[in-house]
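Please open the structure in your viewer and keep the selection tool at hand.

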Amino acid sequence: MMQPLKQHQGLWKTVSTKLRRTAKIWLPATVVAGCVVGLRSMGLLQTWELSTLDSFFRTRPTEAVDDRIVIVGVREEDLQKYGWPFRDRTLAQLLQKIQTTQPRAIGLDIYRDVPVLNGHDELVQAFRTMPNLIGIQQMPDDPDWQGVAPPPELDRLGQVGFNNVVYDSDRKIRRALLYWFDEHRQKHRSFSMKLALLYLKEKGIQEEGAKHDRKQLQLGSAVFQRFRGSDGVYVNADAGGYQILSNFRGGAGHFRTVSMQDVMSGKVSTAQLRDRIVLIGSLAPSLKDYSATPFTGSINHPPEHVAGVEIQANFISDILSAVLDNRTQLKSWNESIDCLWILAWALIGTGVSWRLRLPQRNLVAVFALGSGLVGICYGLFLAGWIVPLIPAAIALLASSTAVIAAIAHSEEELKRSKEFLYRVINSIPDPVFVKDSQHRWIVLNEAYSKLLGKPIEEIIEKSDHEVFPEHEADVFWQQDDLVLRYESEREHEEEFTDTNGTTYKIATKRSLHKDAAGNLFLVGVIRDITQRKTIEEKLRQTAEELSQSNAELRLSQDRLNYIANHDALTGLPNRILLYERISEVLITAKASHQIFALMFLDLDGFKQINDTLGHAIGDLLLQAVAKRLTGCLRTSDIVARLGGDEFVVLLPIIPDTNNVTQVARKILSTLSQAFAISGETLSVTTSIGIALFPEHGNQLESLMERADEAMYHAKKTGKNRFAFADQIPVEHLEILPDR
């Protein structure tokens, strides 16, 4: 319990020290990032962010024209020829001529809520015979505005979509509205959505909820993320209905366009319109159906407003391209990641500025980092991500400026601190040095200069590696670093070599100090301990000699103990050590109510081998038997030699008698295999008697006696078998034939 607590305390101490050491980086960065996030949340940066987003659209490589969409544009010359609004008969003729080319869908982006002059019946008939025709209406989005009603016949047929658009604060259109929910929560589809669905219908693609979120629209494999009020560069924007961030394909004149007169006069070929979405809408400036989009020019370029029919074409292309071409949809991070992104650039600004320090270098670095930030954001935009550029750039610039101001103040305070420290340490007789956080000497006293053998002017503003041997400089640097890192006082013994090559033993006490500007100073005071270390070394050598003598005595004692407790021939525990182990197992078994087994072994036929081949062969055979017994048992089991060819096996803490039976069979099988001894092939077997605690006795003597009796019974009834103390005989093991 105490160990994990100490580990947590040590970890917390390390983290706290690290946070204190890096506070000059993360603290101003956090404050700057917090201010920038606050400004952004109030919407004060949104205008700049929207302008930056528009510039990305305008500088993006020109995209190919979407060949699935063709616009039949109503131009000024068409108005002069056919008048405005068109007569119903004229509009019916236009629709019928387009329908003869077999387009996939026709979008009529012209209001027709009331009849216009003659030919109304013809127009109604055209509406009824064109299931691929979609008309428009404008939904009422203001209490004082009733909107524009749809063509009655198309409304009855369900072939109407709304053409309402969402304007940003700068009156630009950057979002597409796919669904509208009225006061009765009834869902209405947009003009562009209805036409896109008609086109996708032949491919078997229809609206469905996304698998991971049924409230998100999915068409085929494309999921259209619903716009939230604070997505991307927006702050508390109107997110009513179902909106998406539109990835505009182009500005004015981007889509293929044919004139109304050319269609009416038959100059447009069937191939130009077949299987396409044909949009009919105004391109005449006098009708004022124009709006600003991301492609509308900046201050340095004339405005390039886009006709409403072209905006609808962009929305349709956005949907179709995402579904059929896997074209990138615009998406954004959530607010938490945006905040971390801004904080990261603030940290980069403070970190780089503290490292470079000089204002000129910082200016170049900030410019380079700002360029990299723009490049990253532009690259992410090309990949479909809208990332906060302006807030990150402000955080980078503001954090760098704050650090540069802090450095200027710190340098002035450092100059005053050096002058004060020099006056103080020169009054101290011991060698004293003062270093900065880069391990450079900034102040030295005369005593230090005298000890080193160099004037102060030659070593000031240098580091240890420029003056001392490498191995000494490494030690000094490491000790300094520990004080700087953990901000704790340390005393350490080191070697110090002067310019004449004389090496001293020194004790250096290091401590950390800080001035009013937060500048850190490492102050070290040196004491010469060469004479003391010489005396200590002599005492240490004497202590080592005594320790070595004691170790030799302990080794001799351990050897004697081993000899007293182990069989000299086999190296197995002898009777003394065996009885100690049995006594220990008895105590444990009684306390835990466990069982253990004692196995008494006697070799069959050993005496004959010993008598015929000699004691030397017999001893080698006993050593081989001991090795086999040890090899076929667990490491927790104990094998001992009582004397002659008698062995005892102790099985401590066994689950049941089946385990004992398995071990006995394994021993019989192992020992019945032939032995190769000094060129002779010898065969012996063994008889085993088994006594169990507590079943056959609860004392050492009684267990040994019962196991011995069981062994003799096994030997009398045929040898090469085992017998339990209460089961005589139990089993006979078939032996291998003699070789």
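Begin by selecting helix α3, residues 46–59, in this predicted model. Its 14 residues reach 20 Å from the first C-alpha to the last, close to the 20 Å expected at 1.5 Å a residue. Next, colour the buried residues of α3, which are Q46, E49, L50, T52, L53, D54, F56 and F57. An α-helix has 3.6 residues a turn, so residues three or four places apart point the same way.

Now turn to the aromatic rings, of which the structure holds 20 pairs. Select F57 and F381: their ring centres lie 5.1 Å apart and their planes meet at 75°, so this pair is edge-to-face. Because F57 belongs to helix α3 and F381 to helix α13 (residues 359–382), the pair ties together parts that are 324 residues apart in sequence. Both F57 and F381 are buried.

Proceed to W441 and F468. With ring centres 6.1 Å apart and planes at 65°, this pair is also edge-to-face. W441 lies in strand β19 (residues 441–444), while F468 lies in the loop between α16 (456–459) and α17 (470–486), so the pair ties together parts that are 27 residues apart in sequence. W441 is buried, at a relative accessible area of 0%; F468 also counts as buried, at 6%.

Finally, examine two charges placed over rings. K331 lies over the face of W385, at 5.0 Å from the ring centre. The charged end of R628 sits over the ring of F675, 3.7 Å from its centre.

Conventions:
Residues are numbered from 1 along each chain as its sequence is written. This is a predicted model: local features need pLDDT of at least 70, side-chain atom pairs count only at pLDDT 80 or more; totals for chains, interfaces and linings use all residues. Side-chain values use heavy atoms; hydrogens and water are left out. Helices (H or I, at least four residues) and strands (E, at least two) are DSSP runs, numbered from the N terminus. The expected span of a helix is 1.5 Å times one less than its number of residues. Buried means under 20% relative accessible area, exposed over 50%, partly exposed in between (1.4 Å probe, protein chains only). Rings of Phe, Tyr and Trp (its six-membered ring) pair if their centres lie within 6.5 Å; planes under 30 degrees apart count as stacked, over 60 as edge-to-face and the rest as tilted. A charge sits over a ring if NZ of Lys or CZ of Arg is within 6 Å of the ring centre and within 35 degrees of the ring normal.
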